[in-house]
Amino acid sequence: MSRLFAGTPFDRPPHCERCERLETECTCPPIDPPSKSIPPEKQTARLLAERRKKGKVVTVVRGLSAEGNDLPDLLTRAKNHCGAGGTVHEDGFEIQGDHLTRLAAWLSELGYRTKR
Ligand SMILES: [Zn+2]
């Protein structure tokens with residue numbers, strides 16, 4: 001009769017149902033966005049690479065409001081994705097270095113419309 005309980009959540013640590021990784025290792029986007037957030041497909045992220053003083057390049061993402069998006073969370077994931085540092089803005093965020101193509105592809109994967 002012990003087989004009756006095989007496959008219950010108590011058998012193993014919780015795994016993500018989508019990527020099947022351990023929940024502690026899962027990087028899937030949350031299923032339920034905060035209720036006040038705007039769906040990504042209704043937003044257009046405008047991306048540009050800006051050259052700052054001393055020739056430093058940053059990739060700037062604008063058009064994403066702080067009310068409609070969890071910008072700190074988005075920034076954290078963008079930093080992980082690009083392996084670079086960054087800062088939140090009032091209408092988006094910026095990532096150090098030229099990650100224009102990578103960020104545009106990543107944002108459209110999340111559902112955002114993108115414009116360069
Ligand atoms: Zn997952």
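**Close-up views of a predicted model**

**View 1. Glu-20 is exposed.** Around Glu-20, 8 other C-beta atoms lie within 10 Å, so the residue counts as exposed. Glu-20 is not a glycine, yet it has a positive phi of about 65 degrees. It sits in the segment before S1. Helices (H or I, at least four residues) and strands (E, at least two) are DSSP runs, numbered from the N terminus. Residues are numbered from 1 along each chain as its sequence is written. The model is predicted: local features need pLDDT of at least 70, side-chain atom pairs count only at pLDDT 80 or more, and totals for chains, interfaces and linings use all residues.

**View 2. Lys-54 lies in the loop between S1 and S2.** Lys-54 also has a positive phi of about 65 degrees, and it is not a glycine. Is this residue buried or exposed? Lys-54 is exposed, with 5 other C-beta atoms within 10 Å.

**View 3. The protein has 2 helices and 5 strands.** From the N terminus, the elements follow the order β-β-α-β-β-α-β. Of the 116 residues, 17% count as buried. Two residues are in contact if their C-beta atoms, placed from the backbone, lie within 7 Å. Among contacts between residues at least 6 apart in sequence, 47% join residues at least 24 apart.

**View 4. An open sheet is built from 5 strands.** The order is S3-S4-S2-S1-S5, and the pairing is mixed. Strands pair if DSSP finds at least two bridges between them. Strand S3 (86-89) and strand S5 (113-115) are the edge strands; each pairs on one side only. From one strand to the next, the twist averages 20 degrees. Axes are lines fitted to C-alpha atoms, for helices over the stretch in contact, and angles run from 0 to 180 degrees between N-to-C directions.

**View 5. S5 pairs with strand S1 (residues 44-51) in the parallel sense.** The two strands share 3 bridges. Which residue of S5 is the bridge partner of Thr-44? It is Arg-113.

**View 6. A hairpin joins S3 to S4.** The link runs through 2 residues. S3 and S4 pair in the antiparallel sense, over 4 bridges. Gly-86 stands opposite Ile-95 in S4.

**View 7. The largest nonpolar core holds 13 residues.** Such a core is a set of buried Ala, Val, Leu, Ile, Met, Phe, Trp, Tyr and Cys residues joined through C-beta atoms within 7 Å. Ala-45, Val-61, Ala-78, Phe-93 and Leu-103 touch the most other members. S1, H1, S4 and H2 are the elements that give two or more residues to this core. H1 provides its largest share, 4 residues.

**View 8. Ala-78 contacts residues beyond its sequence neighbours.** Neighbours within four places in sequence are left aside here. The contacts of Ala-78 are then Gly-86, Phe-93, Ile-95 and Leu-103.

How values were computed:
Buried ≥ 20, exposed ≤ 12 C-beta atoms within 10 Å, placed from the backbone.
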